[in-house]
Amino acid sequence: MRILRLQRPDPTRLIEEKISVARELYELWGQDLKEDEELKPMLARYLQAVNRSNQAMEEAGTFDECYRCSVIDQKGCCKIGLENECTVLILLLNRMLGVEFPEEREVPGRCFFVGPRGCKILARPMLCRDYFCIRHHQRLTEAQMAHITQVLNDELVLLHQITSLMRRRLEAWTGDFLLELDLTGYGV
Ligand code: SF4
Ligand code: SF4
């Protein structure tokens, strides 16, 4: 396994390295992971949970607010470096769900995964899903926020369970210490 931890990490180089490791793992183990008896039903449940979260956010209008903030007001919080909230395991999960990664950062100064229609990946890290800024808190009632948080909880618990199981399987199959699979890249 290649060493990803750099002394002064360059966010673009780091995410490119992680993507390359995820692609390699997908080539070697993707099919086995997708067909794993325990993992397969969890992946289906995860997709349903993502859809339910998206529906709750759509109904509460948070997507529209984020669109106004990012595209019209040219603000938005998907900044450069945040792509490294994605661990190798989250990237590998995206490949397993059919996501193709971009070859380069499309919008300068923004997250590697930002595109014209928003985020290009499906399985997103907890920070991306569970972050609601002041604009949302000012618009939404407490009941709406509680509902979104409740629905999101299923998705995020499943994300943790799936990536933990993927890690256990990879460790069992390779006999390796795959410590870097959970690396975000902010730590030293
Ligand atoms: S979460 Fe807040 S800061 Fe981020 S894009 Fe949405 S409205 Fe903007
Ligand atoms: S939501 Fe997507 S585009 Fe935004 S920071 Fe997270 S991974 Fe990047």
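Author: A residue is near a molecule if its C-beta atom, placed from the backbone, lies within 6 Å of it. By that cut-off, ligand 1 is surrounded by E65, C66, C69, S70, K75, G76, C77, Y131, C133 and R135. This is a predicted model, where local features need pLDDT of at least 70, side-chain atom pairs count only at pLDDT 80 or more, and totals for chains, interfaces and linings use all residues. Residues are numbered from 1 along each chain as its sequence is written, while chains are lettered from A and ligands numbered from 1 in the order in which they are written.

Reader: Which helix gives the most to the shell around ligand 1?

Author: Helix α3 (residues 62-72) does, with four residues. A helix here is a DSSP run of H or I with at least four residues, numbered from the N terminus.

Reader: What makes the span of α2 close to the expected one?

Author: The expected span is 1.5 Å times one less than the number of residues. With 22 residues, α2 is expected to span 32 Å, and it reaches 31 Å from its first C-alpha to its last.

Reader: Why are the buried residues of α2 said to line one face?

Author: A residue is buried if 20 or more other C-beta atoms lie within 10 Å of its own, and exposed if 12 or fewer do. In α2, L39, Y46, A49, V50, S53, M57 and A60 are buried. Seen down the axis of α2, they fall within an arc of 105°, so they line one face. The arc is taken from the directions from the helix axis to the C-beta atoms. On the other side of α2, exposed residues include K40 and E59.

How values were computed. Helices (H or I, at least four residues) and strands (E, at least two) are DSSP runs, numbered from the N terminus.
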